[in-house]
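Please consult the sequence and the structure shown below while reading.

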Amino acid sequence: MPRAIRSLAATGIAGVLLAGPAVAPAAAATPQPPAHDRTTAAEARRVDRVPTPKLDWYACYDYAECATVRLPLDYDNPKGATTEVALLRVKARDQQRKVGSLFLNPGGPGGSGTSIALAAPYFLGDDLLDRFDIVGVDPRGVEASENIKCFRSVKDQTRAYAGLNVAFPWTKAEEKAYVAASKAVGKACSTTGKPLTGAASTAEVARDMDVLRRAVGDKLLSYLGFSYGTALGQYYANMFPDRFRALVVDGVLDPNAWIGQGSARNQLQETRLRSADGAYRALREILTRCGKAGAEQCELAATGNPLAAYDTVAKRLRKKPVVIEDPDFGSFTVSYADFVGATLGALYDPYGWQSVVDLTVQLLALTDPAAGKAATATARKALAARAAQARQQRGYDFPYDNGLETFLTVDCTDAYHPKSADAWPALSAKEDKRAPYFGRAWAWGTSPCARNTWTVRDEDAWTGPFNRVTAAPVLVVGNYWDPATNYQGAVSSAKLLPNSRLLSSDSWGHTAYGTSACVTGRIDAYLLTGKLPAKGTLCVGDAQPFQEDAAAGRADASKSALARAGEPSRGEPKRLPPVATPRPAVGTLTVR
């Protein structure tokens, strides 16, 4: 395990003691390791005065261990109120050669760390599983940890959420309802949701992780974070720059863009992050390659112009949603927002291009009055099956689901947003002009964060700097065609961190780990040994549009399903990691 680089002062003293006076000139000429930043006195005081928790692990989910621990609600008052945090670990297969613990976070905000840790044997490399205890923490307010709850009852929550039951609002009536619902949710989380909504920012989770690093017995943290988990990783690296041995961020959010600094405070967060730009770029590339591949490999190429065909479907649905009547699946309505939302969901998958093509072909037929009966019947049956599946995946009134509230709690307290939710219709329309189709889809997710309705704040939230010189290097991983965390976020984040290395990948889907042997191997090697990939390394995804017939799924993040399946054997084919979206889910076909 590589040691953290020591300060210049400490290194100089050691050099004098070892060399002696006779060789002092040579010692002075020896290149010294670079100085690095240290954890500030204020942050050290916050976490270090919390006694190391004793984790009472117990067997759970067939092949894992679980524990809960109470941590300070406010690290400035360590003896005051507490909140319960849940952990899960899958122990290293080779305990004699164990490196330590590897903490995982799947993103969100609001993704379950305990779920991704339980799924780890299905997607992490076997060398990592051999040498690390895999640890997942449910952040404050999330899943198995003490829950954030912004409403007193499911009934109150359901009534407030009514206007949010679209992928994103398109009509004036939908926008009005969405704005009203956003205000209701923001006010509820700023009142009923307290005190936890004011004490669950990314900075608090980073502090929890540092205390739990001690609790599992690690002197230095090893961390792998996906999507929003890259924000958590960068927060930790800058708040505790001398307390990790290896830290990987994959699918990267630029932390300054996430927060909104200076004049950017009044912008939409999407204006800063440009997630929609990445999604639009990926869609255009898929449709362009479809046209080049020809109709034998891509059915949509038969239209002559797949880009124009997609836009035709979008224009038709903007004018009039499609109503599907099917004897087996029932009645469904497919709107323009449903079409865009389903497209975005498909772009998350490294093999999602086929779904984009199929959906466009089906809706092209159903929105064309001149289409033949056979084509419309086939399209109707396929879309009805897709919509029925989406209906099954939707939540119901019971039990209380706080997924949106955990997302908002972090985003709204971490970041700056426009003052009033009334501004979102005009601002989101501007996003759509810059990044067609997806601008609105990404912009509307933060409307409850408007400053005059979301008023609860975390006084100990971290706002930077994010350019600390870390003792160990940070590996920053960016995917060219990521539809959620724009590749440019990885580029800018790597530039922010002086001691970092950018690993790029020409891959598809959201995040890069598991999309190519090149990416996965280099991440695994760095986590095990600290060795970085060579500068300028560019990997290529194993799957490329219209060149592969094979399909791959993501590892199931459901704990009950994984427990029933049992731990996979060594060498079993891996699936891609479960990655939570960095926004409220807009990736399914919404069914009214």
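## The largest cavity

In this predicted model, helix α8 supplies four residues to the lining of the largest cavity, the largest share of that lining. Strand β4 (100-105) likewise contributes at least two residues, as does α8 (202-215). The space inside the largest cavity comes to about 90 Å³.

The residues that line the largest cavity are Phe-103, Leu-104, Asn-105, Val-137, Pro-139, Val-205, Asp-208, Met-209, Leu-212, Tyr-223 and Leu-232. Sorted by class, this lining holds nine nonpolar residues, one polar residue and one charged residue.

## The second largest cavity

The whole structure contains three cavities of 30 Å³ or more. The second largest cavity has a volume of about 60 Å³. Its lining is made up of Gly-107, Pro-109, Gly-110, Pro-139, Arg-140, Val-142, Val-205, Tyr-228, Thr-406 and Val-410. Of these residues, six are nonpolar, three are polar and one is charged.

Pro-139 and Val-205 line the largest cavity, and Pro-139 and Val-205 also line the second largest cavity.

## Salt bridges across the chain

Side chains of opposite charge can pair when their charged atoms come close. The count for this model is 27 salt bridges.

One of them joins Lys-98 to Asp-133, with the closest N and O atoms 2.8 Å apart. This pair links distant parts of the chain, for Lys-98 lies in the loop between β3 (82-90) and β4, while Asp-133 belongs to strand β5 (residues 132-138), 35 residues apart. Lys-98 has a relative accessible area of 32% and is therefore partly exposed, whereas Asp-133 is buried because its relative accessible area is 1%, under the 20% limit.

## Buried pairs and a network

Within helix α8, Glu-204 and Arg-207 lie three residues apart, about one turn of the helix. They form a salt bridge whose closest N and O atoms are 3.1 Å apart. Are these two residues buried or exposed? Both Glu-204 and Arg-207 are buried. The two also take part in a network of salt bridges that links Glu-43, Arg-46, Asp-76, Glu-204, Arg-207 and Asp-460.

A further salt bridge connects Asp-432 with Arg-440, the closest N and O atoms being 2.6 Å apart. Why do both partners count as buried? Asp-432 counts as buried because its relative accessibility is 9%, and Arg-440 because its relative accessibility is 12%; buried means under 20%.

Note on methods: Residues numbered from 1 in each chain as written. Predicted model: local features only at pLDDT ≥ 70, side-chain atom pairs only at ≥ 80, totals over all residues. Heavy atoms only, no water. 1 Å grid on protein atoms, 1.4 Å probe; cavity = no way out; pocket = protein on both sides within 12 Å on 5 of 7 lines; lining within 4 Å. Points joined across faces, edges and corners; volume = space filled by probe spheres on them. Nonpolar A, V, L, I, M, F, W, Y, C, P; charged D, E, K, R; others polar. Salt bridge = Lys/Arg side-chain N within 4 Å of Asp/Glu carboxyl O. Buried < 20%, exposed > 50% of the residue type's maximum accessible area, 1.4 Å probe, protein only.
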